[in-house]
Amino acid sequence: MDIGVLNVGTGSLSSFRTKIISIGHKFVEIQSPSDLSTVSRLILPGVGSFAYAADKLNKFFSNSLLTNYLNNPNNRVLGVCLGMQVLFKNSDEAASGVNGLTLFNCDIRKLTSDKPARIPHVGWSTIDIQKSGHFLSENIDGKDFYFVHSYALLDKNLDFDQFFDEYSVSMNGLCGFISSFRKNNIYACQFHPEKSSLAGSFLLKKFIES
Amino acid sequence: MNLPKFRIIPTILKKGPSVVKGKNFSKSRVFSPLLPVLKVFQSRDVDELSIIDVSPCTETTSVNRFEWLRSVSNIITMPLSVGGGIRHIDQISQIISMGADKVILNSACRNNPKLLEDCAHYFGSQSLIASIDIKTVRGKHCVYDSWEQSIVDIDLLELIESVQLLGAGELLITSVNNEGLMQGLDVPILHYIAGKIHIPLIFQGGASSLSHFDDIINYRSSVNAIAAGACFHFTPITPLEISSYLASKGFSTRSTINSV
């Protein structure tokens, strides 16, 4: 299947290219809104700061483009790392007026630190699936994924059991946060599946195929 | 306490198209082209990989210096950090756009603090590893300049503090005395600096047998990863064997699935 990866200068595409090819799919770089009609799977990568990514993505998806894309139930979007965070409204990382794509009306918070846990949260951490489904399946429950971040969707913001169709939590020290979720055809992970060995490949295949 | 898993990070020193390895940062010898070494680490499914370009810095701000990364990111998919002669923010931008997750800045920690600040600002602290080489002379732990091969007159603990304030997301500490000798980790340095670090610490220099890792068991809460070069180039020991050994000693290490 053709897998679109958005290229608006908010992240590295080469890791996704290599990973997508390795699991037997075709990598397609999405550079303009007209490219969107060619793919039913769209990945939003994210490296950088919230304000920068929010600006780039809001510009790209102007005129309800993303909502229209998601209105087709055959289409799926996957936000990765900062690409997950910008699906939300605001972040502690950005000034108060800066809005993300606001598909969900809550905010991203800075991780809290407690010795010996450190920030940024860098490295491999376990995901603990709270609600499973076709995306988050038991095969990857308790497995490790690669994280690099200082901000996250913390588990105080809303009633996640009610809100998400599927989700997992992870911990950095005593600070728990949402590490992946699915809500309808919106998929997201705070970790980097493209960097997460076979567990990452497995999850990407679920996003694409299941 | 759910800390990130303890990482074992193979380090590759790249010079031109080849992988080299030295002792105490000198007398380097070529032993393999780069790409086959990368393929081995990819197939071994390592936690993370570092590549340091030790080629001489002729045009110091040239973005062409890291052009070789293009072929690398077609081969490997593990987390990757890249360093060696990074002098300019455009180089950092290029390195990250070509698939590296993090850059490693060493000389800039001493000579160009603004580069650390800019890197943290534009790419986030999580993409910045500050690297400090330490040489111990008559019992004193000194900052070492590996390009000039000389001691630098800067207080080590002050430098460690300043790079953290500048926004470094991780610290890579290398023992020059132990580097490449495969005689074990430099515990006195670890003991000296451990309490001063509040970001993740990668420690490097001298690890080459499983028993060498016994030395860090008491430092589990201070060290987040061990990096090693010669160990993986010149001994049959694999990163996975070290991880399994550490797991048997109570360390929490990575668990992944076996097939897709």
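Reader: Hi! Where is B:Lys5 found in chain B?
Author: Hello! In this predicted model, B:Lys5 sits in the segment before strand S1 (7-15) of chain B.

Reader: Is B:Lys5 buried or exposed?
Author: B:Lys5 counts as buried, because its relative accessibility is 12% and the cut-off for buried is under 20%.

Reader: What does B:Lys5 touch, leaving aside its neighbours within four places in sequence?
Author: Residues from both chains. From chain A there are A:Trp124, A:Thr126 and A:Asp144. From chain B there are B:Asn224, B:Ser252, B:Thr253 and B:Arg254.

Reader: Which side chain makes a polar contact with the side chain of B:Lys5?
Author: That would be the side chain of A:Asp144, at 2.9 Å.

Reader: Nice, so let's talk about the two chains together. How many residues are in contact between chain A and chain B?
Author: On the chain A side 43 residues take part, and they meet 45 residues of chain B. A:Arg118, A:Trp124 and A:Lys195 stand out here: they supply 22% of the area that chain A buries against chain B, more than any other three residues.

Reader: And what is the area buried between chain A and chain B?
Author: About 3400 Å², with carbon and sulfur atoms giving 57% of that.

Reader: How many salt bridges are there between chain A and chain B?
Author: The count is 2. One of them pairs A:Lys195 with B:Asp101, where the closest N and O atoms are 2.9 Å apart.

Reader: Why would side chains like that pair up at all?
Author: Side chains of opposite charge can pair when their charged atoms come close.

Reader: Which helices and strands of chain A supply at least two residues each to the side that touches chain B?
Author: Two helices do, H1 (14-22) and H6 (197-209), along with strands S6 (121-126), S8 (144-149) and S10 (166-172). Sorted by class, that side of chain A has 15 nonpolar, 18 polar and 10 charged residues.

Reader: Let me switch to chain A as a whole. How many helices and strands does chain A have?
Author: Chain A has 6 helices and 12 strands. Its radius of gyration is 16 Å, close to the 17 Å that the globule rule gives for 210 residues, so chain A is as compact as a globular protein of that length.

Reader: What box do the C-alpha atoms of chain A fill?
Author: Roughly 50 × 40 × 30 Å, taken along the principal axes. Of the 210 residues in chain A, 60% count as buried.

Reader: What share of the contacts in chain A comes from residues 24 or more positions apart?
Author: They account for 68% of the contacts with a separation of 6 or more.

Reader: Back to salt bridges! How many are there over all chains?
Author: A search of the whole structure finds 19. Among them is the one in which the side chains of B:Lys102 and B:Glu48 meet, at 2.8 Å from N to O. That pair links distant parts of the chain, 54 residues apart: B:Lys102 is in strand S6 (residues 102-105) of chain B, and B:Glu48 is in the loop between helix H1 (34-43) and S4.

Reader: Are B:Lys102 and B:Glu48 buried or exposed?
Author: B:Lys102 counts as buried at 0% relative accessibility, and B:Glu48 is buried with a relative accessible area of 0%.

Reader: What about B:Asp53 and B:Arg65, where do they lie?
Author: Their side chains meet in a salt bridge too, at 3.7 Å from N to O. B:Asp53 lies in strand S4 and B:Arg65 in the loop between S4 and H2 of chain B, so the pair ties together parts that are 12 residues apart in sequence. B:Asp53 and B:Arg65 are buried.

Reader: Which residues do salt bridges with shared partners join into one network?
Author: B:Arg7, B:Glu48, B:Lys102 and B:Glu170.

Reader: Last one: where is B:Phe66?
Author: B:Phe66 is in the loop between strand S4 (49-53) and helix H2 (69-72) of chain B. B:Phe66 counts as buried, at 0% relative accessibility. Beyond residues up to four places away in sequence, B:Phe66 touches several others, including B:Asp53, B:Val82, B:Ile95 and B:Met98. B:Val82 is 16 residues from B:Phe66 in sequence, and their C-alpha atoms are 9.1 Å apart.

How values were computed: Residues numbered from 1 in each chain as written. Chains lettered and ligands numbered in written order. Predicted model: local features only at pLDDT ≥ 70, side-chain atom pairs only at ≥ 80, totals over all residues. Heavy atoms only, no water. Contact = heavy atoms within 4.5 Å. Buried area = accessible area lost by both parts, 1.4 Å probe. Salt bridge = Lys/Arg side-chain N within 4 Å of Asp/Glu carboxyl O. Helix = DSSP H or I, 4+ residues; strand = E, 2+ residues; numbered from the N terminus. Nonpolar A, V, L, I, M, F, W, Y, C, P; charged D, E, K, R; others polar. Buried < 20%, exposed > 50% of the residue type's maximum accessible area, 1.4 Å probe, protein only. Rg over C-alpha atoms; globule rule 2.2 N^0.38 Å. Polar contact = N/O pair within 3.5 Å; in protein donor to acceptor, adjacent residues only side chain to side chain.
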